[in-house]
Amino acid sequence: MTRAAFFDVDHTLTTSAGLFRFLSYWYAATGRPPHHSARERQRLKAMTAAGVSREETNRSYVGLYAGADRGLITRLARDWFRAELSAGGHFNEPVLSALHRHRAAGDLVVLVSGSLPALLEPLADQVGAHHILCTEPETDPATDTYTGRLVRRPHQPMIGRAKADAVRLFAAAHRIDLAASTAYGDHVSDAPLLETTGRGVRVGCDPVLRQLGARAGWGYLPGAPDPRPLPLPQPVAAAAARTPERLVP
């Protein structure tokens, strides 16, 4: 059987919340003023503060993509990721180093995230991840646009216990020895993920995760530093991205 290393992404492998960073980039690229993305971010944060589950806030975020062209989002996501790399400080270096060690040891590297495929694929290519388990937005095949809903399959959105369930299913399909594998996460919602493997590694200082880790004997890596400011694109980038020949992967 094979070993694997399962990595949460936002604030674990990377220093920022990619969903929100990309939202700002996408809105700027399509000519919407900065307060529009700030308003949506505050709305989602207010939902969380009011006790709405992370699963429901994730669904609400996906709803922002209703009617968006999939090719355009894919293009802008690649541009956004290049902008993050150019700005520097995108990775939590201790966790990135751990990922490289797992790859060198022959472990499968799997990203497990509530983020979206378009946002995660450039990251996976950059770090050499083998698989992505994530939240999957539904698309309308007739128009190749997002519907604002999630695909109708189990483990959606990829938050909390859905991560653990998806990892178990993935392990069964790929003959992964979970007892010999490792999982990394930064938030208490990642606890089910960390509990699925023989070795869990908590990242950062989430107080509940720290307590759980002390009882379970999990490892520890430092939390991600604050991300650097992200340069936003000019709206003309959106027009260029709509050019058909530039939408070819």
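Reader: Is G88 buried or exposed?

Author: G88 is buried, because its relative accessible area is 17%; buried means under 20% relative accessible area, exposed over 50%, and partly exposed in between (1.4 Å probe, protein chains only). This is a predicted model, in which local features need pLDDT of at least 70, side-chain atom pairs count only at pLDDT 80 or more, and totals for chains, interfaces and linings use all residues. Residues are numbered from 1 along each chain as its sequence is written, and side-chain values use heavy atoms, leaving out hydrogens and water.

Reader: Where does G88 lie?

Author: G88 lies in the loop between α4 and α5 (93-104). Helices (H or I, at least four residues) and strands (E, at least two) are DSSP runs, numbered from the N terminus.

Reader: How is the packing of two helices described?

Author: Two packed helices are described by the angle between their axes and the distance between the axes. Axes are lines fitted to C-alpha atoms, for helices over the stretch in contact, and angles run from 0 to 180 degrees between N-to-C directions. Here, α1 (residues 18-29) and α4 (residues 70-87) have axes that come within 10 Å and cross at roughly 110 degrees. The two helices are therefore roughly perpendicular to each other (angles under 35 degrees count as roughly parallel, over 145 as roughly antiparallel, 65 to 115 as roughly perpendicular and the rest as oblique).

Reader: Which residues of α1 and α4 make the contact?

Author: Contact means heavy atoms within 4.5 Å. From α1 come G18, R21, F22, Y25, W26 and A29, and from α4 come I73, L76, A77, D79, W80, A83 and E84. By class, this contact has 9 nonpolar, 1 polar and 3 charged residues. Ala, Val, Leu, Ile, Met, Phe, Trp, Tyr, Cys and Pro count as nonpolar, Asp, Glu, Lys and Arg as charged, and the others, Gly among them, as polar.

Reader: At what angle do the axes of α2 and α3 cross?

Author: They cross at roughly 165 degrees and come within 9 Å. That makes α2 roughly antiparallel to α3. In their contact, R43, L44, M47 and T48 of α2 meet E56, T57, S60 and Y61 of α3.

Reader: Which residues of α3 are buried?

Author: Start with the helix itself: an α-helix has 3.6 residues a turn, so residues three or four places apart point the same way. In α3 (residues 54-63), the buried residues are T57, N58, Y61 and V62. They are on the same side of α3 because they cover an arc of only 145 degrees around the axis, the arc being that of the directions from the helix axis to the C-beta atoms. These buried residues pack against α1, α2 (34-49), β4 (137-140) and β5 (145-150).

Reader: What does E40 touch?

Author: Not counting residues up to four places away in sequence, E40 touches L23, Y27 and L64. E40 is found in helix α2 and is buried, with a relative accessible area of 13%.

Reader: Which residue has a positive phi without being a glycine, and which peptide bond is cis?

Author: Most residues other than glycine have a negative phi, and most peptide bonds are trans. D144, in the loop between β4 and β5, has phi near 55 degrees. H155 also has a positive phi, of about 65 degrees. The peptide bond from Q156 to P157 is cis, with omega near -5 degrees.
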